[in-house]
Amino acid sequence: MASLDPPPEPAPPSWNHRFYAAGFQAIVGLAAHRWLAPLARGRGIVLAFHHVRPWRKEAFTPNRFLEITPAFLEEILDALDGEGFEVVPLSDVPGRLAAPRTGRPFAALTFDDGYRDVIEHAWPILARRGVPWAMFVTGDFADGRGRLWWRELELAVARLDGIAPEASGLETWLDTCGPAAKARAYRVLYGAMMRGTEDALLDRTRRLAEAAGVDVAGIVPTLCADWDELRRLAADPSVTFGSHTLSHAILAKRGTAEARTEIAESRKAIADRLGRPVDHIAYPLGGPREAGPREFSMARDSGYAIGLTTRPGHVGARHRSAPTALPRVSMNGHHQTGAALLSLLSGVPFVAHDIARAARRAAAPRAGDTGTHRETSTGIGAEAETPWT
Ligand SMILES: [Zn+2]
C-alpha cells in the first residue's frame, strides 16, 4: 500500500476520535485485522462516501467526517485490492449474497448527496482504475434547491460569536467564540434539533443561517451537481445511479404518505431525468432513528432491489433476506489512516462494537428492551451513525 501522509488537523481531535483512532492502532498493532478477519469479515462490504476534495485548512469543521481527500480515495482502492476485495457493481450484491461463498469478498462503492466534487475529484480516479461505483442523487439538490441544513448550521455557527436562547430555542446562551466553543455549540444545536420535527429543524437552521448572513439559497447550487452534470456522468457505464429521496427527507420523521412519496416518486423522477434505471436507495442520514422497518418495507414495495442504511457493518449471509436494510461502512474524514482502513476492512471493529453493546445490555437490561437493533447516536453530525465518528 502507498504511504499516506496524514492530512493537517487544525483543531484538536475530540476524545471520541482519539478513542477510535487508538482502537484502530491497537487492532493493527496486535495484527488482529489479520488473525480475526476470517471470523469478523462478512461476505462483502458497502462503503459510503460523501465529499471527495482536497483538504481545507479550517479550524471549525464539524462536518469533516463527511469528506476525504482524493489521495485517501486512492489509498482505499489500494487497500481493497491489497486485502483481496473485488469491487463490484452494487446491483451484483444480492446475487453475491445468494451464491455460495467464494474466495474473495466483494466491495461496492457508494457516494451520497450528488456532490460536484465527487465528479471532479473521485470520478477520474475511479474511471482510471476501471472500478464500478454508485451515485445516490437527491432530486431537489440536482434541481439546485433543497437544504444542506448541516452545512447551513456549520456556516451559521462559524460566523456567529454567540447564539441567544430565542434564536436557538434552547434555554441558555450558546458561546460560539473560538473553534472549541463552536464545536460544542454545534453538537448541542444538532442534538436538540434532531429531537424535534424536521420542519422545526429546517426553520430554525434557516433563521440562524440568515441571521449570520449566510447565503442559504446558494449552498446547494455551489456544492451539488445539477442534472446536466449528472447526465454527463450517466454516459459512463461504470456508474450506477440510486435515489437519495426527493428532498433528503429524514424519513422516520415523516408521515406514511410523505415517506412513501419520497421513496417511490424519487425513483421515477431520477430515472426519467437521467435516462438510467434507479433500482437502489440510500436512506438520508440512514441511522436507526432516520430509517427503520417501515422505510425498508416501503423501499421493497417501491421496487428497489437494495436499500442502504448507515448502520455500520459488513454485509453477510444474514442480509440475504433484508436487501433493503443493508449496513454500510462510512469512510470517515476524521480517520484517514492506513490503520483505520485495515481495521474497517477486517470487520474487527464491528464485532468488537457488537460484543461491547451486548455486554452493556447484559449488565444493565432496560425495561421494555425488545432486543431490536438500536445504536447509541453520537449526535455530532448528519449521517453520523458510525460508532467511530
Ligand atoms: Zn445524504
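This is a guided tour of one protein chain, stop by stop, for use with a viewer.

The model is predicted, so local features need pLDDT of at least 70 and side-chain atom pairs count only at pLDDT 80 or more, whereas totals for chains, interfaces and linings use all residues. Residues are numbered from 1 along each chain as its sequence is written, and side-chain values use heavy atoms, with hydrogens and water left out.

**Whole chain**

Show the protein chain as a cartoon: there are 17 helices and twelve strands. These elements are DSSP runs numbered from the N terminus, helices being H or I of at least four residues and strands E of at least two. Of the 389 residues, 55% count as buried. Buried means under 20% relative accessible area, exposed over 50%, and partly exposed in between, with a 1.4 Å probe and protein chains only. Contact means heavy atoms within 4.5 Å. Among contacts between residues at least 6 apart in sequence, 72% join residues at least 24 apart.

**The largest nonpolar core**

Select L80, L109, F111, M135 and L230. These have the most contacts inside the largest nonpolar core, which has 91 residues. A nonpolar core is a set of buried Ala, Val, Leu, Ile, Met, Phe, Trp, Tyr and Cys residues joined through side-chain atoms within 4.5 Å. At least three residues of this core come from each of domain 1 (15-144 + 226-362) and domain 2 (149-216); the domain bounds come from an automatic or database domain assignment.

Now centre on L109. Apart from neighbours within four places in sequence, L109 is in contact with L47, F49, L77, L80, V87, L126, V131, P132, W133 and A134. A second, separate core has 14 residues, including L90, V93, A282 and L326.

**Helices α13 and α14**

Two packed helices are described by the angle between their axes and the distance between the axes. Select α13 (residues 227-234) and α14 (residues 256-274): their axes come within 9 Å and cross at roughly 75°. The axes are lines fitted to C-alpha atoms over the stretch in contact, and angles run from 0 to 180 degrees between N-to-C directions.

Show side chains here. W227, L230, R231 and A234 in α13 meet I270, R273 and L274 in α14. By class, this contact has five nonpolar, no polar and two charged residues. Ala, Val, Leu, Ile, Met, Phe, Trp, Tyr, Cys and Pro count as nonpolar, Asp, Glu, Lys and Arg as charged, and the others, Gly among them, as polar.

**Two positive phi angles**

Go to D113, in the loop between β5 (106-112) and α6 (116-129). Its phi is near 85°, a positive value in a residue other than glycine. D113 counts as buried because its relative accessibility is 1%.

Next, select L285, in the loop between β10 (280-282) and α15 (293-301). L285 is not a glycine, yet its phi is positive, about 65°. L285 is buried, at 1% relative accessible area.

**Two long-range pairs**

Select I250, in the loop between β9 (239-243) and α14. Is I250 buried or exposed? I250 is buried, with a relative accessible area of 0%. Beyond neighbours within four places in sequence, I250 is in contact with W149, M194, E198, L201 and E290. M194 is 56 residues from I250 in sequence, and their C-alpha atoms are 9.7 Å apart.

Finish at G95 in helix α5 (residues 93-98). G95 is partly exposed, with a relative accessible area of 41%. Its C-alpha atom is separated by 9.1 Å from that of R320, 225 residues away along the chain.
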